[in-house]
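Q: I would like to learn how to read pockets in a protein model. Could you walk me through it?

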Amino acid sequence: MSQRPPAPPSLQELRKEIDAIDEGMHRLLMQRGDIIDRLIQVKQTQEVGSAFRPAREASMMRDLVQRHRGILPLDTVESIWRVIIATFTYVQAPFSVHADISASEPAMRDSARFHFGFTVPYVAHFSAQAAVEAVAKSKGDLALVSATSSRTPWWLSLEEAGAPKIIARLPFVERADHPAALPVFAVSRVADSALVTEVETFSVRVSGWNAEVARALSPLAEIVAVPDTAFDGAALLVSVTATSSIDKIKAALIEAGASVRSTALVGSHATRYTVPPTGSKS
């Protein structure tokens, strides 16, 4: 006589397993908090004014996407980890997020809440320049500004030594239907050792700017341009990847008939992690 297969676990047993996991997750978060408390004492983070570690965050998010599996949506996992990272950064050195809402207040607020949660104070501004100026006057705040368009060349103020710089480009994990899909730059002051330089951002001022010059540059780099009609020029924010260089950009500008008046490094960020629609990762 064959043995009957074991009975499946009851709902009560499965719920007990879930409760045990929930309790374990909470205990691990509290344990993480204890370690952060010790980290504050060792590194005296509050004295340097910033606890942002863009390179470490990029590495953590890559690892997260690569190991993720199962029915839990990646959106949920990414948001949970972003809030954990941002909240513990805030615990180390309190900061506010200054957001430029001139393009879309709902989209910018969604991006800020998705990436930084509700514990970090959110301050709205009606221009990118105002958001960046607020960060420049602060000890360790952060600004969120559009990474694809602008009405003013707000990045010119990042050229000066000691000024805040672009430290990240969000969302870091890119995919179709992302709940916080608005492309934004994060601007703040960060220790050089904490930066990630896979993509460098330059402020480039040119004369002779026109549609033909813009078309010549479009295959080489991501560019935000604010034309200056008075001088037949433009202020450009150019994102240069490892496959290109600022020298190539300058050469392309000159070949297309423009003159390069000045260039200045104004920040850097990680290469974005793209998840194709099929669900595979790249």
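A: Happy to! Keep in mind that this is a predicted model. Let us begin with the second largest pocket, which is lined by 16 residues; R32, I36, L39, R56 and Q92 are the ones nearest its centre.

Q: Which helices each supply at least two residues of the lining of the second largest pocket?

A: Those are helix 1, helix 3 and helix 4. Helix 1 provides the largest share of this lining, with 5 residues.

Q: What kinds of residues make up that lining?

A: You will find 8 nonpolar, 3 polar and 5 charged residues around the second largest pocket.

Q: Now, what volume does the largest pocket have?

A: Its volume is about 480 Å³. The lining of the largest pocket consists of 16 residues, with M25, L64, L72, V77 and W81 lying nearest the centre. Two or more lining residues come from each of helix 1 (11-43), helix 3 (54-67) and helix 4 (74-92).

Q: Which element gives the most to the lining of the largest pocket?

A: That is helix 4, which contributes 6 residues.

Q: And how do the residues of that lining divide?

A: Around the largest pocket, 11 are nonpolar, 2 are polar and 3 are charged.

Key:
Residues are numbered from 1 along each chain as its sequence is written. This is a predicted model: local features need pLDDT of at least 70, side-chain atom pairs count only at pLDDT 80 or more; totals for chains, interfaces and linings use all residues. Side-chain values use heavy atoms; hydrogens and water are left out. On a 1 Å grid over the protein atoms alone, a cavity is a set of points where a 1.4 Å probe fits but cannot get out, and a pocket is an open set with protein on both sides within 12 Å along at least five of seven lines; lining residues have an atom within 4 Å of a point. Grid points are joined across faces, edges and corners, and a volume is the space filled by probe spheres set on the points. Helices (H or I, at least four residues) and strands (E, at least two) are DSSP runs, numbered from the N terminus. Ala, Val, Leu, Ile, Met, Phe, Trp, Tyr, Cys and Pro count as nonpolar, Asp, Glu, Lys and Arg as charged, and the others, Gly among them, as polar.
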